[in-house]
Amino acid sequence: MDQNKGILKVRDLVVKFRVRRRELTAIRSVSLDLYEGETLAIVGESGSGKTVLTKTFTGMLESNGRIAAGSIEFEGRNLLELKTDKEWEKIRGVKIATVFQDPMTSLNPLKRIGIQITEVIEKHQKLPPEEARRIALTLMEKVGIKDVEKRFYDYPFQYSGGMRQRIVIAIALACKPRILICDEPTTALDVTIQAQILDLIRSLQRDYGFTTIYITHDLGVVANVADRVAVMYSGQIVEYGSVREIFYDPRHPYTWALISSLPTLARKGEPLYAIPGTPPTLFNEIKGDAFAPRNRYALGIDFEEEPPFFKVSESHYAKTWLLDPRAPFADPPHAVKLMRKKGNIYAEGGAAEAGK
Amino acid sequence: MLGYVVKRVFQSILSVLIVSTLTLFLVYSCVPRQLVFKGDLVLPKIANKPDEYNDYKFRTWEKLGYIDYMTQQEYAQEVFGADSPNVSQALLRDSSFYEKFRTDLSARGYKVEALPISGYLYATKDVALLTRVFRWYAKLIQIDHPYRIQDPNNPGLKRGYFLTRDWGGGLALAASGTIYKYQIWVDDSFPFFHQNIVRLNMGRSYPTFDGVPVLDVISGGQGRSARREIRTTVRGEEVSFFTSIDEHSLKYKPVLDRLDMNKFEDNYADGNLTTIDPSMLGTSFTIGMYSLLLSLAIGLTVGVIAAMKKDRIFDKITMAYIVFISSIPTLLYIALFARFGMKVLGLPDKFPFLGSQNILSYILPTISLSLGGIAGEALWIRRYMVDQMNADYVKFSRSKGLSQAEVFFKHIVRNALIPIVHSIPMAVIGTLAGALITESFYAVPGMGKMFPSAISDYNNAMIIALTFIFTVVSILAIFLGDILVTFVDPRISLAARKEAR
Ligand SMILES: Nc1ncnc2c1ncn2[C@@H]1O[C@H](COP(=O)(O)OP(=O)(O)O)[C@@H](O)[C@H]1O
Ligand code: SF4
Ligand SMILES: [Mg+2]
């Protein structure tokens, strides 16, 4: 994959929301590169800002939100300079499309499935209804709907959850967007359907060649779909790298915690790992590192000063003081060591820990 | 679909029956029978004639269905035949008929007593509550047919149906041998299609409108009679005359006088009068209908705008209005509004000032009646729209690249049809309930004013009839609402509904 051809470039993005005369900062200076054709997973517990971050790419922030700083470069221009809805409508659904979490509510319950697909095609591609219908039927077939001629005229309630999510994907792809944002597209579906939808997205990506941003709080899904991973915590990206790097050689204690809470890595007889405490409130200025209060590896400096990104490899960066050469050694949790072993790149720490 | 409709029709009829039966039980068991004379005008005049007083009371109770009543004379007529000389014999002081009356009627379960002055006997028997209710239903539906009239003095009465033209020149199905001459006709007054074949009989009004069938009181015209010139042919002769008879109400009249002969060819000469003012039903219907339309039109518009401008000044004013209307007593805001209407707009605050012929009379009652409905509709649709605007499918539609306006009109507004249809039955019921207050307040001669006065006059038949009408209208509204929803909501397609139940 061509790792060098950037398609979307986010720089120092800050998003604030006004809530009852107070302001919270949901995104705190995020920078991110998205490369053509890749699948980037954004993980993090809920409330970490994954949805808000991606909403800024389509100008879909709620009216109480504003972008306080930063830039989002796409196709040679800064998206944040788009002012009117009319300008945004040339991006939304056309260049950057979104699939939301809940297929049960993403479709208008009272409009025929077919019409909900054709209305985008008619609007963006300015095609006559007959032509739009033809495209819609093809799309429906592509996403795995059988008997499309008849199903075209059905209402959402006549579709199952998985089928609806297929329709939502069909709508999102109707105008052949360059970027598809999937915001927890399978969270509301049961496990077997989840796998089908993931497969579908992957195969469509091969056919259509779009770039995917895949949002999830489920690391298990990430391993399946992503090329690269960005870990978010409290409105910041705290670590990013290739899937291998994040899974087999995580560096940030928050990523450690996420990996430790994977059920498949739990030790028999031990309770499943849960990250203690709750994320900080976003209303206040956060001093030092946001994760420090919940971090058992926290250093004195963590409560004073925000860590910068430390480079682990050409593609792997983590935002933790533990990577500072002056930092004392921190022994990662068992699950992480297990993963390192698996990945066979167990590099640091010396042999002493290996046996433990 | 048909199955569902039939089932809902059946359910609706059942509901009407349940409500009317309950009303019958309530009225018959809760209104003390002594109280029905409160508004009686005759009783005080005969207070010093104990025999007449007694007789009048029992006769009235019998008429109202409380008791069965039989006098010595009536029984003698029953036994000997009406015109028999034995009848007057039976009333003589030493007649053995006294004993016979006592034993026979006691045997039938009657209580026999003697009138205080004349000493004539009479017998009374309480009608059981259940029987009363049963009797009400037994005579409720009256069907007219060509063998209905059996007049021994008119053996040659023709029987059968024929087509004819009425005075207005309209085509009508008429009949002879029936009670009513006109069976089916069409004209320009709502509901345009009329019939006399099946009529409901809910008893006679008492003590107000004494003796008139209650449904005639409710649906008959009011005010002065209206005379007009009629040109027609009677027995081949061209005639013209002034009359105020409503020919569609013409009933069989056993004995015709000369005046009748000049106007009518047959025995159908007994008609109600056409009047200048509409009936109670008509008046209430006009005001209720316009008020309902006003509630829906203004309430929905205001609610939608408030939702679009949520938390802005228009929305805040709307909410303030809704809170105001729902927190203060209905009578109070109507009174305030009436004062405003009178002082500022110069409109009459009592209906009879200008009367039914002047449109100004209707303005304040109609608007007053819709004030509550406007608040209800606005609140309902605003809540729905706000809810919809935050719905996932709206966000998804926006992310598809549809504009705010496209999403609003192609998705949200279309979906709003369902809550609107859902709200109509409640609006109708609210309007009915509101009519009781507004009509009383503005002295509108309608059913809403009649109802409370029927209660305070102990006009049992009227109370029952009005309850029946209100119930039918409410249940009809709910029924039509249910049927309509199946057309606007694909999720409740009739077939699916049929299966689900
Ligand atoms: N419209 C809004 N108004 C106020 N706060 C918001 C709004 N949208 C999101 N937030 C806040 O921003 C933070 C990030 O939310 P989100 O991006 O939805 O998290 P997630 O990672 O679960 O997708 C949360 O704390 C949330 O409360
Ligand atoms: S910077 Fe400090 S507190 Fe933050 S994650 Fe690293 S060690 Fe923990
Ligand atoms: Mg989210």
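Let's start with a charge over a ring. A:Arg151 lies over the face of A:Tyr159, 4.2 Å from the ring centre. The rule asks for NZ of Lys or CZ of Arg within 6 Å of the ring centre and within 35 degrees of the ring normal. Chain B has a case too: B:Lys350 lies over the face of B:Phe441, at 4.9 Å from the ring centre.

A word on the source. This is a predicted model, where local features need pLDDT of at least 70, side-chain atom pairs count only at pLDDT 80 or more, and totals for chains, interfaces and linings use all residues. Residues are numbered from 1 along each chain as its sequence is written, chains are lettered from A and ligands numbered from 1 in the order in which they are written, and side-chain values use heavy atoms, with hydrogens and water left out.

Now ring against ring. How many aromatic pairs does a search of the whole structure find? Over all chains, 29. Take A:Tyr155 and A:Phe157: their ring centres are 6.1 Å apart and their planes are at 15°, so the pair is stacked. Rings of Phe, Tyr and Trp (its six-membered ring) pair if their centres lie within 6.5 Å; planes under 30 degrees apart count as stacked, over 60 as edge-to-face, the rest as tilted. A:Tyr155 is buried, at 12% relative accessible area. A:Phe157 is partly exposed, at 35%. Here buried means under 20% relative accessible area, exposed over 50%, and partly exposed in between (1.4 Å probe, protein chains only).

Over to B:Phe58 and B:Trp61. Their ring centres are 5.8 Å apart and their planes at 65°, so this pair is edge-to-face. Both residues are buried. They lie in helix H2 (residues 50-64) of chain B, three residues apart, about one turn of the helix. Helices are DSSP runs (H or I, at least four residues), numbered from the N terminus. B:Phe58 and B:Trp61 also belong to one aromatic cluster with B:Phe37, B:Tyr69 and B:Tyr122.

Last, the interface. Chain B brings 20 residues to the contact and chain A brings 25 residues; contact means heavy atoms within 4.5 Å. Which residue of chain B forms a salt bridge with A:Glu119? That is B:Lys400, with the closest N and O atoms 3.0 Å apart. Helix H13 (392-399) and helix H14 (404-442) of chain B each supply at least two residues of the side touching chain A. H14(B) gives the most, with seven residues.

Technical notes
A salt bridge is a side-chain nitrogen of Lys or Arg within 4 Å of a carboxyl oxygen of Asp or Glu.
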